[in-house]
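Open the model in your viewer and keep the selection panel at hand.

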Amino acid sequence: MTTTTSFDNEAASSPTMPVVQLDDVGKSYGNVQALRGVSLSVRQGEITCVLGDNGAGKSTLIKVIAGLHEHSDGVLTVNGEERRFKSPRESLDSGIATVYQDLALAPLMSVWRNFFLGNELTGRFGTLDATKMKRIATEELTKMGISIPNLEQPVGMLSGGQRQCIAIARAIHFGAKVLILDEPTAALGVKQSGVVLKYIVKARDAGLGVVFITHNPHHAYLVGNHFVVLKLGRVALDTHRADITLEQLTNEMAGGSELEALSHELRDIDAGAVVRPSGRPAQIQSPLEST
Ligand SMILES: Nc1ncnc2c1ncn2[C@@H]1O[C@H](COP(=O)(O)OP(=O)(O)O)[C@@H](O)[C@H]1O
Ligand SMILES: [Mg+2]
């Protein structure tokens, strides 16, 4: 594995050539059609945000790119070559690093072991070179401005934001060309989300093609170059930053027309009314009394 981000594939380094491309991709799980006719381009040095409500097909989309599930229809191209990944390893070997919300790191292992997970450095006799791994992990995390005082600490003791940052730093260090992040800010508070968004931008600055999955249009608009909205497994919108405002993106996500229909449906309710309890108080039995 290289320790720098190298772009040896000349075709992929051209600004017009997507590093990952999906053409008319479909995925069904039995009777459930999770993705239909999805076309999407991911370019290096850009952040592509994939937005959509729960069940829109976001995770399915990344599972296809990450080699967890094979697509049922259409074509997946990586560096201009058609691919059909049979395992996550195949996707990783072609330069695609995927950070899952929960599975990103091994919680009981130390920070430095996690940094090198699957790419361990060994010494002359095949034993792990702990000293060197610790040194490199420290250097790389420091370079990215991630300060973790004790690299012997198990990753499970870190905050969700710190874990996401380590996973991002690791992908950059091991020369990934594409970084996929599935809802990295979903479980985080405002401050930690900000930190993770900052590292998403660092990955872009290192030349990676970033796919940022989120259902939060505000987070997407803070960093994104390219926005794709999925609805019920289809691409409902595919646009670039210059062509959309945050308001439009938020409206698209909230489902402007659906929201209108909903407010029509609820027109007779007296929103904001404060209702005083009336009549007899409810007879609520405590579980102890009922036994
Ligand atoms: N392994 C699976 N088996 C059956 N149905 C699935 C599976 N994974 C996802 N689905 C279905 O596919 C649709 C899209 O799900 P998913 O990709 O997880 O959406 P999102 O990540 O946008 O919430 C949903 O209807 C979901 O129930
Ligand atoms: Mg999901």
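A residue counts as buried here if 20 or more other C-beta atoms lie within 10 Å of its own, and as exposed if 12 or fewer do. Keep in mind that this is a predicted model.

**Stop 1: helix α5.** Select residues 130–143, the 14 residues of α5. Check the length: at 1.5 Å a residue the helix should span 20 Å, and its end C-alpha atoms are 20 Å apart, so the two agree.

**Stop 2: the buried side.** Which residues of α5 are buried? Pick M133, A137 and L141. They cover an arc of only 55° around the axis, which puts them on the same side of α5. An α-helix has 3.6 residues a turn, so residues three or four places apart point the same way.

Stop 3: Turn to the face of α5 directed away from its buried side. T131, E139, T142 and K143 are the exposed residues there.

**Stop 4: ligand 1.** Select ligand 1 and show what surrounds it. The shell consists of Y29, V32, A34, G52, N54, G55, A56, G57, K58, S59 and T60. Colour the shell by class: four residues are nonpolar, six polar and one charged.

Next, highlight β2 (32–42) and α2 (58–65). Each supplies at least two residues of the shell around ligand 1. Which element gives the most? That is α2, with three residues.

How values were computed
Residues are numbered from 1 along each chain as its sequence is written. Chains are lettered from A and ligands numbered from 1 in the order in which they are written. This is a predicted model: local features need pLDDT of at least 70, side-chain atom pairs count only at pLDDT 80 or more; totals for chains, interfaces and linings use all residues. Helices (H or I, at least four residues) and strands (E, at least two) are DSSP runs, numbered from the N terminus. The expected span of a helix is 1.5 Å times one less than its number of residues. The arc is that of the directions from the helix axis to the C-beta atoms. A residue is near a molecule or strand if its C-beta atom, placed from the backbone, lies within 6 Å of it. Ala, Val, Leu, Ile, Met, Phe, Trp, Tyr, Cys and Pro count as nonpolar, Asp, Glu, Lys and Arg as charged, and the others, Gly among them, as polar.
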